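These notebook entries record what I looked up in the model, topic by topic.

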Amino acid sequence: QLQLAESGGGLVQAGGSLRLSCVASGGTFIFYRMGWFRQAPGKEREFVAAISRNIATTHYADSVNGRFIISRDNAKNAVYLQMNSLKPEDTAVYYCAASRWVTSPRSAKDFDSWGQGTQVTVSS
């Protein structure tokens, strides 16, 4: 099991960019597939992006595809989410998550470890 800590959230104007970071500890990072989720007020937590252990494969939700980029640095036990062309509807708490056993995790049930979240607010 990993402990995860997100950072990098904040307030940004529509059309701007933010880069979120997540640092893992307490386990062997390369054993885990990593992902990002988000939860807006009054809505359920939704999948944003995921990346494989060897960085060969990424997957994105349709709502962010072409705007967001997930990456990882296994030497630093870190995963990142570069968010470009931000929209007000991207406003949410963003969570880092880790999946130990599922080959291609896509839903929240596939992930074992979660960070506490970082707030992203996009103004119009």
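**Entry 1: Arginine 67 and the charged pairs**

I looked up arginine 67 and found a relative accessibility of 11%, so this residue counts as buried. I take buried as under 20% relative accessible area, exposed as over 50%, and partly exposed as in between, with a 1.4 Å probe and protein chains only. I note that the model is predicted, so local features need pLDDT of at least 70 and side-chain atom pairs count only at pLDDT 80 or more, while totals for chains, interfaces and linings use all residues. Residues are numbered from 1 along each chain as its sequence is written, and side-chain values use heavy atoms, with hydrogens and water left out.

I then asked which residue forms a salt bridge with arginine 67. The residue is aspartate 90, and the closest N and O atoms are 2.7 Å apart. I count a salt bridge when a side-chain nitrogen of Lys or Arg is within 4 Å of a carboxyl oxygen of Asp or Glu. The pair links distant parts of the chain, 23 residues apart: aspartate 90 is in the loop between β8 and β9, and arginine 67 is in the loop between β6 (58-60) and β7 (68-73). Aspartate 90 has 0% relative accessibility and counts as buried.

I next followed aspartate 90 to arginine 38, with which it forms a salt bridge at 2.9 Å between the closest N and O atoms. Arginine 38 lies in strand β4 (residues 33-39) and aspartate 90 in the loop between β8 (78-83) and β9 (92-99), so this pair ties together parts that are 52 residues apart in sequence. Arginine 38, at 6% relative accessibility, is buried.

I also found that the side chain of arginine 38 meets that of glutamate 46 in a salt bridge of 2.7 Å, N to O. Glutamate 46 is partly exposed, at a relative accessible area of 35%. I recorded Arg38, Glu46, Arg67 and Asp90 as linked in a network of salt bridges. The structure holds four salt bridges.

**Entry 2: The open sheet**

In what order do the four strands of the open sheet stand? I read the order as β1-β3-β8-β7, with antiparallel pairing. I treat two strands as paired if DSSP finds at least two bridges between them. At the edges stand β1 (3-7) and β7, each with a single partner strand, so one side of each is left without a neighbour in the sheet. From one strand to the next the twist averages 15°; axes are lines fitted to C-alpha atoms, and angles run from 0 to 180 degrees between N-to-C directions.

I went through the pairings in turn. Strand β1 is joined to β3 (residues 18-25) by five bridges, and the two run antiparallel; here glutamine 3 stands opposite serine 25. Six bridges hold the antiparallel pairing of β3 and β8, in which valine 23 faces alanine 78. Strands β7 and β8 are likewise antiparallel and joined by six bridges, with serine 71 opposite tyrosine 80. I noted that β7 and β8 form a hairpin with four residues between them, and that asparagine 77 in the turn has a positive phi of about 50°. Five of the six residues of β8 are buried.

**Entry 3: Leucine 18**

I looked up leucine 18 in strand β3 and found it buried, at 16% relative accessibility. Beyond its neighbours within four places in sequence, leucine 18 is in contact with Gly8, Gly10, Val12, Leu81, Gln82, Met83, Leu86 and Val120, where contact means heavy atoms within 4.5 Å. I also checked valine 64, which is 46 residues from leucine 18 in sequence and 13 Å from it in space, C-alpha to C-alpha.

**Entry 4: The cysteine pair**

I searched for disulfides, taking a pair of cysteine sulfur atoms within 2.5 Å as one, and the count came to one. Cysteine 22 and cysteine 96 form it, with their sulfur atoms 2.1 Å apart. The pair links distant parts of the chain, cysteine 22 in strand β3 and cysteine 96 in strand β9, 74 residues apart. The link is left-handed, with -80° about the S-S bond. I found cysteine 22 buried at 1% relative accessibility and cysteine 96 buried at 0%.
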